[in-house]
Amino acid sequence: MLESVFPNKDLTKQQQMIFDQILSFTNQGLKSPQKSIFQLNGDAGTGKSVILTQLFLNIETLAKQNKTDNYFLVNHPELLKVYQENAGEFDQLRKNRFLRPTTFINRMHKNKKQADVVVIDEAHLLLSESDNYNNFTQKNQLTEIIKLSKVVILVFDAHQVLKLKSYWSDNFLQQIIPDQVNFESATLTTQMRMQAPQKVLQWINDLTDNLQITPLEQENTDYLSMDSTYDFRVYQDAEKMYQALKEKNKEVGESRIVATANYPSTLDGKKHYVNEGNFHLPWDQYNYSNTTWAQKPETINEIGSIYTVQGFDLNYVAVIIGPSVAYDKNSRIKIDIDKYEDQEAFKKRHDNDIINLSDVKKRIILNSMNVLLKRGVKGCFVYFHDSKIFDQLKK
């Protein structure tokens, strides 16, 4: 899992071409009197972080020579731990250059400084309104970062927006970027995380983009599957799915069970459980250690969330899709936003930037499913709370 964002991985032909494009853009931007912004797009698992880490290693290697002040930002505490740990493996990298966006913004304002190059991974997690709880008092984190930087390289995936307070869309992003800047973009299209054929990826995309249920080809004793080298299964019984996952964890390691936010959970120090038939397991606890959640052996006995695993690779992932996703008709699903328990995700905004609030909330739920279903390198197991979906898949 840690190696997935190591800055010395071999790049594919497409990744190398885009890497060269961004590096050239960065070097030109440092010489330009105008600000420069590069937007790297790509679905979950297409290798965006690999390009960013190699780019930052290249920039930091020449930082002393070029006298540049550079930073790598990510608004995800678990992922930040990985980047800081990886930085310790390379003499050219400094851990204190890997920061949360709010830390960077407040530090730059306090010191009245401007950075040269700022790289932002998971820019779709940036706050798009003020948030006093997170010590961010301005309106938009990207706007502030652009003000405080000469060159900004950002990774963006609209399918991974998970909260109203960090609501982004392609149109909204373009409105934030100033007119008088050097701007370029590129899009990664090849799935690099999941060792899966196109029909598995299409099945997931049909579900999370089109609300469409595609029947599966093979029926086994406990589950339905596809005839492919990628171990993709849909279970009728959550406990049987969990037992199968534990076997995979013994075989290959770093296999975890996760769920959509359809089961109550609060940070009150008490354990809160996900119950599905005979299945009974607690949610993950807040991780105060420097070790990421999925690397801790005991977390095979917990259920992870989007906040635990977003941005990470797992060898196998088992996904419980809860009551907010139900069978509709004509091989389609419907989304019930009232059954989504993540109150933080739907926390009311203080502006009127979002017109179709109900549609955006449904998109957030579907995005969370997309994030969870695309974690597994070798395999993905799925369980639906609504048994009618399994029945439909069986047809």
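Student: Let me start with Lys199: what does it count as in terms of relative accessibility?
Tutor: In this predicted model, Lys199 has a relative accessibility of 34%, so it counts as partly exposed.

Student: And which side chain does Lys199 meet in a salt bridge?
Tutor: The partner is Glu217, and the N to O distance in this salt bridge is 3.5 Å. Glu217 sits in the loop between α8 (198-210) and β7 (218-219), while Lys199 belongs to helix α8 itself, so the pair ties together parts that are 18 residues apart in sequence. Glu217, with a relative accessibility of 53%, counts as exposed.

Student: Which residues do salt bridges with shared partners join into one network?
Tutor: That network consists of Asp231, Arg233, Lys248 and Glu251.

Student: How many salt bridges turn up in the whole structure?
Tutor: The search finds 14 of them. One of these joins Arg97 to Asp69, with the closest N and O atoms 2.2 Å apart. This pair links distant parts of the chain, since Arg97 lies in the loop between α4 and β3 and Asp69 in the loop between α3 (63-66) and β2, 28 residues apart.

Student: Are Arg97 and Asp69 buried or exposed?
Tutor: Both Arg97 and Asp69 are buried, and for Asp69 the relative accessibility is 14%.

Student: Which lysine also forms a salt bridge with Asp69?
Tutor: Lys113 does, and in that pair the closest N and O atoms are 3.6 Å apart. Lys113 is partly exposed, with a relative accessible area of 39%.

Student: Let's move to β2, then; how many of its residues are buried?
Tutor: Strand β2 covers residues 70-74, and five of its five residues are buried.

Student: Which strands is β2 joined to by bridges?
Tutor: Five bridges join β2 to β4 (residues 115-121), and these two strands run parallel. Two bridges join β2 to β3 (residues 98-99), again in a parallel arrangement. On the β4 side, Phe72 has Val119 as its bridge partner, and Val74 has Asp121. On the β3 side, Phe72 stands opposite Phe98. Between β2 and β3 the chain passes through helix α4 (residues 77-87), and this β-α-β crossover is right-handed.

Student: What is the strand order of the sheet?
Tutor: The six strands of this open sheet are ordered β3-β2-β4-β5-β1-β6, with parallel pairing. The edge positions belong to β3 and β6 (181-188), each of which has a single partner strand, so one side of each is left without a neighbour in the sheet.

Student: Back to α4: why is it described as largely enclosed?
Tutor: Eight of the 11 residues of α4 are buried, so the rest of the structure largely encloses the helix. Among the buried ones are Leu79, Leu80, Val82 and Tyr83. The buried residues of α4 pack against α2 (48-61), β2, β3, β4 and α10 (306-309).

Student: I also saw Glu122; what is its phi?
Tutor: Glu122 has a positive phi of about 55°, although it is not a glycine. The residue is found in the loop between β4 and α6 (141-147), and with a relative accessibility of 6% it counts as buried. Glu254 likewise has a positive phi, of about 45°, without being a glycine, but at 23% relative accessibility Glu254 counts as partly exposed.

Student: Last topic: how is the protein divided into domains?
Tutor: Domain 1 spans 13-188 and domain 2 spans 198-394, with their C-alpha centres 29 Å apart. Contact between them involves 25 residues of domain 1 and 35 residues of domain 2. Together the domains bury about 2,500 Å² between them, 52% of it on carbon and sulfur atoms. In domain 1, the residues that lose the most area to domain 2 are His159, Leu162 and Leu164, which together make up 29% of what that side buries.

Student: How many salt bridges cross the interface of domain 1 and domain 2?
Tutor: The rule finds one salt bridge across that interface.

How values were computed:
Residues are numbered from 1 along each chain as its sequence is written. This is a predicted model: local features need pLDDT of at least 70, side-chain atom pairs count only at pLDDT 80 or more; totals for chains, interfaces and linings use all residues. Side-chain values use heavy atoms; hydrogens and water are left out. Buried means under 20% relative accessible area, exposed over 50%, partly exposed in between (1.4 Å probe, protein chains only). Helices (H or I, at least four residues) and strands (E, at least two) are DSSP runs, numbered from the N terminus. Two strands pair if DSSP finds at least two bridges between them. A crossover is right-handed if, with the strands pointing away from the viewer, the path from the first strand over the helix to the second runs clockwise. Domain bounds come from an automatic or database domain assignment. Contact means heavy atoms within 4.5 Å. Buried area is the accessible area (1.4 Å probe) that two parts lose on being put together, summed over both. A salt bridge is a side-chain nitrogen of Lys or Arg within 4 Å of a carboxyl oxygen of Asp or Glu.
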